[in-house]
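Subject: The structure you asked to look through

Hi,

Here is the structure I said I'd pass on. Have a look at it first, then read my notes below with the viewer open.

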Amino acid sequence: MTLTIDSTVTLNNGVEMPIFGLGVWRSGQGAETENAVKWALEAGYRAIDTAALYQNEAEVGKIVKSGIRPREEIFVTSKVWVDDLSYEGTKAAFDASMDKLGLDYVDLYLVHWPVSDWKGAWRALEEIYENTDRVRAIGVSNFLIHHMEELLSFARVRPVVNQIEYHPYLQSKALHAYCKEQGIPLTAWAPIMKGKVLEVPELIAIGEKYGKSAVQVTLRWMLQTGVITIPKSVHKERVDANCDLYDFELSDEEIGIIDSLDQGDEGRIGIHPDRFGE
Ligand SMILES: NC(=O)c1ccc[n+]([C@@H]2O[C@H](COP(=O)([O-])OP(=O)(O)OC[C@H]3O[C@@H](n4cnc5c(N)ncnc54)[C@H](OP(=O)(O)O)[C@@H]3O)[C@@H](O)[C@H]2O)c1
């Protein structure tokens with residue numbers, strides 16, 4: 001099937017999630033986030049990934065509601081932060097996020113990290129999902145295989161995605177295979193290694209063949225391999241360039257080259273989920 005900027009992944013509850021979107025971690029409050037989201041929606045992005053932690057849910061909600069495109073064409077994700085991981089805490093945190101977003105519903109709501117009372121948090125998410133129209137899907141972030149196994153052992157509602165650090169140097173192949181088997185796609189955070197993919201010779205070489213940057217090659221690799229991706233930028237030219245992915249196609253051989261760049265845990269940029277808070 002031909003990929004376009006409107007391509008979606010069908011989640012295990014039937015909801016269609018755009019496979020490509022904008023991340024807004026460290027996008028500043030006020031004009032910085034508002035402009036990034038506005039440029040993204042104008043360029044055709046259909047998904048925005050925020051979180052309570054990012055302190056820019058209000059800006060995201062404001063632009064989503066501004067009419068650049070209909071609300072139902074935009075997929076908004078937010079997340080409950082670790083301080084609120086308990087049954088009661090998560091219910092209150094969800095209400096607070098919805099107030100800030102100012103939206104009738106959020107498309108996807110995630111447990112941000114598997115720490116503290118994340119199981120209580122999951123029960124709260126299940127209840128919000130089952131008893132209200134305020135969330136279309138629920139999922140997790142930074143869950144390893146052992147967290148997923150624990151979750152699936154008691155969950156009434158299956159998580160629809162697992163959002164993890166994922167890029168050419170950290171491919172978590174066992175976790176990816178496990179989630180795939182369970183019908184739970186990955187969303188990649190830090191997909192372009194915070195810009196560092198621009199220094200990877202193999203990605204540069206592949207890009208030269210198509211007149212594309214190493215960032216574009218990396219994002220295209222994710223789209224072609226079914227990984228949801230949410231690169232962040234607050235610069236218009238990068239917001240535009242990061243979605244210019246639909247006029248070239250990587251060969252199986254090139255996908256194999258990128259697959260072989262995995263460095264396992266050595267390639268990790270962020271926190272290991274089992275060492276969060278240490
Ligand atoms: N669930 C989690 O725990 C978690 C953790 C981290 C992130 N996330 C989500 O995932 C999203 C993406 O991850 P990320 O923001 O950490 O990293 P990223 O998307 O890999 O990289 C963002 C960085 O790369 C720069 N950049 C963007 N486009 C570029 C380009 N074309 N050329 C060169 N540099 C470029 C950005 O700078 P400028 O903005 O200055 O352009 C920014 O510094 C986040 O925004 C957030 O929504 C989730």
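Start with Val-76: leaving aside residues up to four places away in sequence, it touches Ile-48, Val-60, Val-64, Leu-101, Leu-103, Val-106 and Asp-107. Keep in mind as you click around that this is a predicted model. Val-76 also belongs to the largest nonpolar core, which has 79 residues, and it is one of the four members that touch the most others, along with Leu-22, Ile-48 and Val-111. The element that gives the most to this core is helix H8 (residues 214-224), with 7 residues.

Now the sheet. Eight strands make it up, and it is open, with the order E3-E4-E5-E6-E7-E8-E9-E10 and parallel pairing. At the edges you'll find strand E3 (22-23) and strand E10 (228-229), each pairing on one side only. Helix H3 (residues 87-101) packs on the sheet, where it touches strand E5 (75-80) and strand E6 (108-111), and its direction makes about 140° with that of E5. As a bit of background, strands of a sheet pair through backbone hydrogen bonds, either parallel or antiparallel.

You can follow the pairing strand by strand. E3 pairs with strand E4 (residues 47-49) in the parallel sense over 2 bridges, and here Leu-22 stands opposite Ile-48. E4 then pairs with E5, also in the parallel sense, over 3 bridges, with Ala-47 opposite Phe-75. Further along, E6 and E7 are joined in the parallel sense over 3 bridges, and Leu-110 has Gly-139 in E7 as its bridge partner.

How many of the residues of E5 are buried? The count is 6 of the 6, so E5 is largely enclosed by the rest of the structure. Phe-75, Thr-77 and Lys-79 point one way, Val-76, Ser-78 and Val-80 point the other way, and all are buried.

Next, helix H2 (residues 57-64), which is mostly covered, with 6 of its 8 residues buried. Those are Glu-57, Glu-59, Val-60, Gly-61, Ile-63 and Val-64, and they pack against H1, E4, E5 and H3.

Two residues in other helices are worth a click. Leu-219 lies in H8 and counts as buried because 26 other C-beta atoms lie within 10 Å. Leaving out residues up to four places away in sequence, Leu-219 touches Pro-191, Ile-192, Thr-229, Pro-231, Asn-242 and Leu-245. The C-alpha atoms of Leu-219 and Cys-243 are 8.5 Å apart, although 24 residues separate them along the chain. Tyr-129 sits in helix H4 (residues 118-131) and is partly exposed, with 19 other C-beta atoms within 10 Å.

Then the backbone angles. Arg-26 has a phi of about 70° and lies in the loop between E3 and helix H1 (31-43). Met-193 has a phi near 55° and lies in the loop between strand E9 (186-189) and helix H7 (201-210). Which of these is buried and which is exposed? Arg-26 is exposed, with 12 other C-beta atoms within 10 Å, whereas Met-193 is buried, with 21.

Last, the ligand. Which residues come nearest to it? Of the 26 around it, they are Gly-23, Trp-25, Trp-189, Gly-195 and Lys-232. By class, this shell has 13 nonpolar, 9 polar and 4 charged residues. Helix H9 (residues 236-242) gives the most to the shell, with 3 residues.

Happy clicking!

Conventions
Residues numbered from 1 in each chain as written. Predicted model: local features only at pLDDT ≥ 70, side-chain atom pairs only at ≥ 80, totals over all residues. Core = buried A, V, L, I, M, F, W, Y, C linked by C-beta atoms within 7 Å. Buried ≥ 20, exposed ≤ 12 C-beta atoms within 10 Å, placed from the backbone. Helix = DSSP H or I, 4+ residues; strand = E, 2+ residues; numbered from the N terminus. Contact = placed C-beta atoms within 7 Å. Near = placed C-beta within 6 Å. Nonpolar A, V, L, I, M, F, W, Y, C, P; charged D, E, K, R; others polar. Pairing = 2+ DSSP bridges. Axes fitted to C-alpha atoms, helices over the stretch in contact; angles between N-to-C directions.
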